[in-house]
Amino acid sequence: MDPRSEVLLRQAELFQGDLLLAGLPADDLLGQLPQASGWSWHAGEQQALQTRFAGRSQFGTRPPEHAFASAVLFLPKSRELADYLLQALAARLPGRELYLVGEKRGGIERAAKQLAAYGQPRKLDSARHCQLWQVTVDNAPAAPDLHAQARRYELQLSDGLLQVLSLPGVFSHGRLDRGTALLLERLDGLPSGHLLDFGCGAGVLGAVLKRRYPQSRVSLLDVDAFAVESSRLTLAANDLEAEVIAGDGIDAAPSQLAAILSNPPFHSGVHTDYQASEQLLRQAAQHLQPGGELRLVANSFLKYPPLIERHLGPCQTLSEDEGFRIYRAICS
Ligand SMILES: C[S@@+](CC[C@H](N)C(=O)[O-])C[C@H]1O[C@@H](n2cnc3c(N)ncnc32)[C@H](O)[C@@H]1O
C-alpha cells in the first residue's frame, strides 16, 4: 500500500459520501473505500485501476463529470499542476471538503499553503513521511480553463518556426530541453515508414518529425494525459496531423515501426525511475521492422549502450555535447 493511502485510511471515518481520489496510486485504496471513485492522468495507473476496479476510475485532464461530495488530491510533483488541480477540484466543492495528501519530501508542507486560496487549511495527520491537509472550500473559484494555462513558445528551426504548447506538469514546461534540442539537430536520414516519438511530452519531436517527413505516418506516445493533450495542441498549432497515444511504456506502441525517436524518461514523481527507458531499450526490437532504427538522446552518464547492444545491435554515438549523447542502433 502506498504510504499516502495508509495515511488516508487512518482517517477513513472522515470520508462520508461520494469521495473523489484525484491522482490516486494504483494500490488497494479503492478496494478499502467502497464509496470512492478515482481520477487518474497516468495511463499505466489508470489501466491497473481499471483491471482491478472496473469502471471506478476515469482518465483525463479534467475532473469526472459525476458529482462528488469531497475530494482528495494526491500531490503531484509540479507546483503549476497542483495549482490547476486544486482549482479544478475546489470549483466543484463550494462549502465542502478538499483534502491534500503527499510526501514530506514531495513538498506537501509548502503545497498545503496553496489551499489557503480556498479557505483555512488544517493539518489532519502526519505519518509514514506523509501529511494529510484539509480545507473547507469557502471561496470556490471558477472552473479553470486548462488550455488558457498552456505555455506557448516558438522555435526557430531550419524549416521555419514551430509553435510549442505545454500544459502544467509537462516535461520542460514552457521551454525546450537541451537534450531535445540536440536530438532535433540529428533527425536526418531516418528510414521511411511509420515513426514514433516515445515519451512525447509537449510533442516537439513528433511535430518536427511530421514536418520533416510529411509522407511518413507519425505517432506520439506518452503516459501522462497532460502531455498527450499538449502534444495535440502543439500539432494543431502547426497544422500537423499525427496520432497521439496515451499509453504506458513501449508495450503500448504500434509495431512495424521504421524508427523510434526519444528523449526517454528518467524521473517519475519524486523518485528516479529508469524502468520505462530500460523497457524501451529491451523491447524496441519487437516494435521495429527489420532495418528500423532507434535514435535517442540521453545523459552521457546513463549506461544505455550495453543495453542497446544486448537487445538491438551495435550502438553508434552520433554526437556528444553538453553532457548528452545521441545514440543510434539499427534493428537487424
Ligand atoms: C524526458 S521527457 C521528454 C519529453 C519530450 N519528448 C521532449 O523531448 O520534450 C520524457 C517523457 O516520457 C514520459 N513518460 C514517462 N514514463 C512513461 C511511460 N511509462 N510510458 C510513456 N511515456 C512515459 C513523460 O511523461 C515525459 O513526457
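Which residue forms a salt bridge with arginine 328? The partner is glutamate 293, and the closest N and O atoms of the two are 3.1 Å apart. Here a salt bridge is a side-chain nitrogen of Lys or Arg within 4 Å of a carboxyl oxygen of Asp or Glu.

## About the model

This is a predicted model, in which local features need pLDDT of at least 70 and side-chain atom pairs count only at pLDDT 80 or more, while totals for chains, interfaces and linings use all residues. Residues are numbered from 1 along each chain as its sequence is written, and side-chain values use heavy atoms, leaving out hydrogens and water.

## The chain as a whole

Let's start with the overall picture. The chain holds 10 helices and 18 strands; these are DSSP runs numbered from the N terminus (helices: H or I, at least four residues; strands: E, at least two). Its C-alpha trace spans about 60 × 40 × 35 Å along the principal axes.

Of the 332 residues, 54% count as buried. Buried means under 20% relative accessible area, exposed over 50%, and partly exposed in between (1.4 Å probe, protein chains only).

## Salt bridges

The count of salt bridges comes to 16. Back to the opening pair: arginine 328 lies in strand S18 (residues 324–330) and glutamate 293 in strand S16 (residues 288–299), 35 residues apart. Arginine 328 is partly exposed, at 22% relative accessible area, whereas glutamate 293 is buried, at 1%. Shared partners join Asp188, Glu293, Arg295 and Arg328 into one network of salt bridges.

Another pair is glutamate 243 and arginine 217, whose side chains meet at 3.3 Å, N to O. Glutamate 243 sits in strand S12 (residues 243–246) and arginine 217 in the loop between helix H7 (204–212) and strand S11 (218–222), so the bridge ties together parts 26 residues apart in sequence. Arginine 4 pairs with aspartate 2, with 2.8 Å between the closest N and O atoms. Arginine 4 counts as buried, with 15% relative accessibility.

## A look at cysteine 315

Cysteine 315 belongs to strand S17 (residues 315–321). It counts as buried because its relative accessibility is 16%. Leaving aside residues up to four places away in sequence, cysteine 315 touches Pro305, Ile308, Glu309, Tyr327, Arg328 and Ala329. The C-alpha atoms of cysteine 315 and proline 305 are separated by 6.0 Å, and the two residues are 10 apart along the chain.

Notes. Contact = heavy atoms within 4.5 Å.
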